[in-house]
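Hello,

Here is the structure I promised to pass on. Have a look at it first, then read my notes below.

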Amino acid sequence: MFTGIVQATAPITAIEEKDHFRTHHVRLPAALLPGLTIGASVAHNGCCLTVTGIAGDVVSFDLMKETLRLTNLGTLKVGDEINLERAATLQAEIGGHLMSGHIICTAELTKIVTSENNRQIWFSLPDRALMKYILHKGYIGVDGISLTVGEVAGNRFCVHLIPETLLRTTLGKKRLGDSVNIEIDPQTQAIVDTVERVLAARERA
């Protein structure tokens, strides 16, 4: 589990490509290295990946076909930076909201509105059916960042970002047309799906 509070950004230093498979080598900052072992979980742009190798401060992660299909990690190049978060511990402060690291889809950045000390970013989802889980003032994970949903319209939604978020994450460098990983709030999904099943059962009765 993760909290959606990005602990650092770090560059990809090398990529090994195979058929429907790739390995990312990432130079982790010193603060994220203590206690890190093979098999540990680290979120990359919100996607939970397993540590497969450690060589000093360069840590390796394998990405399988499903990860490459569902996330933006397969489009990254050497030198690109990613949002990182170590798995939460029982003592961790939940500053965002509980996240699983399971990405449901990517969304396209379609609009940026910048004003003094604020930035509003709009995203478009590829499947409008997922919008039933994205509610005004609800939680959403965007590239591993726990954010509050602003306005919702059709298959689009927006978030409002403060300077600290723009500084500490990769969202400050995003441009129109870029893709981000989306994790919907699991509690919201469970409630919506349960209500739908109950209503459907009543209609059949």
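Start with residues 98-195. This span is 16% helix and 44% strand, and its end C-alpha atoms are 22 Å apart. Helices (H or I, at least four residues) and strands (E, at least two) are DSSP runs, numbered from the N terminus. Residues 1-97 are 6% helix and 44% strand. Their end C-alpha atoms lie 10 Å apart. An unreviewed UniProt entry annotates both 1-97 and 98-195 as "domain: Lumazine-binding". Such annotations may be inferred rather than shown by experiment.

A word on the source. This is a predicted model, where local features need pLDDT of at least 70 and side-chain atom pairs count only at pLDDT 80 or more, while totals for chains, interfaces and linings use all residues. Residues are numbered from 1 along each chain as its sequence is written, and side-chain values use heavy atoms, with hydrogens and water left out.

Now the whole protein. It has three helices and twelve strands. Its C-alpha atoms fill a box of roughly 60 × 45 × 40 Å along the principal axes.

Contacts (heavy atoms within 4.5 Å) come next. Among those between residues at least 6 apart in sequence, 68% join residues at least 24 apart.

Last, charge. There are 20 positive side chains (Lys and Arg) and 22 negative ones (Asp and Glu), with His and the chain ends not counted. The centres of the two sets lie 3 Å apart, with each charge placed at NZ of Lys, CZ of Arg, CG of Asp or CD of Glu.

Best wishes
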